Each structure stands twice: as C-alpha cells, then as structure tokens.
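Dear colleague,

Please find below the sequence and the structure that I am handing over to you. My notes on what was found follow directly after them.

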Amino acid sequence: MKLTKTLTAMGAVVSAAALLTACGSGTVGQSGSGDSAQPSGSKKLALIPGVQAEPFYISLQCGAEAEAKKLGYELTTQAPQKFDAAMQTQLVNALGSNPPAGLLIAPTDDTAMLAPIQQVKNRGAKIVEVDTSLKDTGVAVSSVSSDNAAGGKLAAQTMAKLAAGKSGSVLVLDTIAGTSTTAARAKGFEDELKNTPNLKSIGVQFTQNEPDQAASKVTAALSSTPDLIGVFATNLNTGEGAATGLRNAGKVGAVNLIGFDASPSEVEGLKNGQYQALIAQDPASIGTQGVQQAVAAIEGKPVTRNLTAQLHSITKADMDANAQYFYKQSC
C-alpha cells in the first residue's frame with residue numbers, strides 16, 4: 001500500500017478510473033465501464049481494492065475474478081493509484097447513479113470512506129468489505145479479512161522464537177492512523193509481546209506507509225536503543241523501509257525483522273536474509289469469499305457477517321513448503 005499526502009484533482013482521478021487494464025498486466029486492474037443503469041437481476045460486481053499494483057490486492061483480485069466467473073457474474077476492478085481515502089472516494093463516486101449489484105471494497109480509511117460507500121449502498125448495491133473495514137458495522141452485509149490481531153499475535157510469538165531467550169527491545173512500525181488492518185496487527189503484537197518477559201516494546205511508530213520514513217524510524221531506533229533486537233513491520237512498505245534501514249546500518253540479521261504479507265520482494269528478502277520471518281495472509285481466499293458473500297446477498301440467500309482467512313508464519317527454513325502462500329503479480 002502506498003499513500004500520498006498530495007491529492008490528485010477530481011477530474012484527473014475520475015479520468016484515470018476510466019482507463020481500465022486487465023489483471024494479467026500485473027496491475028490491480030481496471031475493466032468495464034459501468035455507464036448504464038443496472039436492471040433488477042444484474043450480474044455485475046465491482047471491486048475497489050486499496051491500491052494499484054500491490055501483489056496482495058492482485059492476488060485478492062485474481063481470487064475474486066475466478067469466483068465471479070464460476071458463479072456467472074461479471075467483475076470489474078478499479079483501484080486508486082495510492083492508498084488514499086480521497087483517491088478511493090473519487091472511484092466510488094465515479095460509480096455515479098448506476099452502481100453494480102454488488103460492491104467489494106477495501107476501505108482505505110475506516111471513517112472517511114463511510115459516506116461515499118453509504119451512498120452506493122443507498123442506490124441499491126450490496127456492500128462487502130474485503131481486507132479492511134469501516135468502523136460503522138451497519139453498512140456492509142459481510143466483511144472478509146484476515147484476523148489481523150491474530151496475525152500480530154503470531155508475529156510476536158515468532159519474534160520470541162527468533163530471540164531464543166535473549167533480552168532486548170522491539171520496534172513496531174505501523175502505517176497511518178485510521179488503517180484498521182495494520183492497527184489491529186500492531187495491537188495484537190503489542191499485547192502478545194507482554195507474555196515474553198525478555199522482550200519489551202519501545203512503542204508503535206507511524207510511517208505514513210512510506211518506505212523512506214520506515215527506514216528513518218529504524219535508523220533512529222538503532223541509535224537510541226542499543227539493545228534493539230527486533231522490528232515488526234505491519235505491511236509491505238514498512239517492511240521494505242525497515243530492511244533498508246537495517247541494511248544501511250549493517251544490522252541485517254543482527255536485528256530480527258518480521259514482515260507482514262508475502263509479496264515477491266518480501267519473499268526474496270526472506271530468502272536472502274533481510275527478513276527473518278513473514279506473516280503471510282491468503283488474499284485469494286479473501287477475494288473468493290467476498291464474491292460468494294456478495295452474490296448470496298444479491299440473490300437473497302443467507303450471508304455471514306464476518307469471515308476470516310488463515311495466516312501463516314514463514315521462515316527461511318520452511319519457505320519452500322509454504323510457497324502456495326506467496327502473492328501473485330498477475331492473474
């Protein structure tokens with residue numbers, strides 16, 4: 001997920017939303033126009049992930065596309081260029097008065113995205129949250145995600161194993177306040193780490209989801225905390241930035257780095273020793289289940305309000321056995 005503080009003008013974003021590319025291009029894609037009103041019994045679904053070109057969301061899209069085709073529905077995808085509420089809002093608003101029968105969306109802000117998503121719901125679309133969610137639980141018919149708090153807990157347990165009884169401090173790198181998934185990971189990690197007396201957290205620091213800020217946070221922590229033994233990075237960008245900070249300081253391997261997700265760059269980092277462990281999600285399953293819930297709601301069948309996908313702790317020693325959980329760059 002890549003965020004920016006610079007807001008693209010509405011016209012440019014809406015124009016960009018019309019440039020649709022297929023998943024097979026390696027970019028979380030854009031396909032279909034949605035220019036006409038959807039009649040009763042519509043078979044059209046829309047997916048708005050958190051950001052373009054991120055392997056997690058590409059894998060989620062691939063799972064969603066396959067399931068939609070299987071169930072006889074047409075799925076189109078539009079994603080913002082950055083993990084940014086303003087950009088995502090423009091894409092949601094671009095659905096206009098002709099929404100799809102079902103909208104699968106990963107809200108980029110658990111509060112700011114409420115109003116635009118609610119408007120789409122008011123026009124008759126069934127809303128399914130995938131990966132992230134709104135604070136208001138009354139909008140979506142279903143939410144499908146990893147148990148992010150459990151993922152943070154798993155990361156803390158993995159950190160304890162890597163420390164092997166050695167005492168030291170641990171830094172937690174989060175993205176930006178208001179991102180429900182990473183906040184839950186950070187909290188789960190912090191809570192579980194309290195059960196390991198030899199390890200202590202020096203707190204959660206925000207990076208605005210920018211790798212250079214994550215690198216700077218790590219550099220500062222190494223300087224101020226001589227006994228730094230580990231870093232938990234709550235997503236791809238924070239992990240890549242943390243790896244850069246450790247590499248620049250000559251501390252790769254000396255400080256245990258646990259990343260969240262299993263993108264190609266993270267898997268390569270695990271292989272070459274920049275990461276000591278990854279907490280992998282199953283985004284394809286999230287996409288699959290999201291479509292299943294949307295279709296059930298559209299067809300008047302029972303839905304499940306909250307669903308979770310499995311998480312896996314992967315180290316270099318067992319990465320080959322867990323290759324099925326590595327994320328895709330194209331469908």
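The link of cysteine 62 and cysteine 331 is left-handed, with -100° about the S-S bond. Please bear in mind that this is a predicted model. The two sulfur atoms of this disulfide are 1.9 Å apart, and the count comes to 1 disulfide. In general, a disulfide is a covalent bond between the sulfur atoms of two cysteines. Cysteine 62 lies in helix H2 (residues 55-71), while cysteine 331 lies in the segment after strand E12 (312-314), so the pair ties together parts that are 269 residues apart in sequence. Cysteine 62 counts as buried because its relative accessibility is 9%, under the 20% cut-off. Cysteine 331, with a relative accessible area of 45%, is partly exposed.

The second topic is the sheet. An open sheet is formed by 6 strands, in the order E2-E1-E3-E4-E5-E11, with parallel pairing. Its edge strands, which each pair on one side only, are strand E2 (74-77) and strand E11 (306-309). From one strand to the next, the twist averages 20°. Within the sheet, strand E1 (residues 44-48) and strand E3 (residues 102-105) run parallel and are joined by 4 bridges. Leucine 45 has glycine 102 in E3 as its bridge partner.

Threonine 179 is found in the loop between strand E6 (168-174) and helix H6 (180-193). Is threonine 179 buried or exposed? Its relative accessibility is 2%, so threonine 179 counts as buried. Leaving aside neighbours within four places in sequence, threonine 179 is in contact with Phe83 and Thr108.

With kind regards

Definitions and conventions. Residues are numbered from 1 along each chain as its sequence is written. This is a predicted model: local features need pLDDT of at least 70, side-chain atom pairs count only at pLDDT 80 or more; totals for chains, interfaces and linings use all residues. Side-chain values use heavy atoms; hydrogens and water are left out. Two strands pair if DSSP finds at least two bridges between them. Helices (H or I, at least four residues) and strands (E, at least two) are DSSP runs, numbered from the N terminus. Axes are lines fitted to C-alpha atoms, for helices over the stretch in contact, and angles run from 0 to 180 degrees between N-to-C directions. Buried means under 20% relative accessible area, exposed over 50%, partly exposed in between (1.4 Å probe, protein chains only). Contact means heavy atoms within 4.5 Å. A disulfide is a pair of cysteine sulfur atoms within 2.5 Å.
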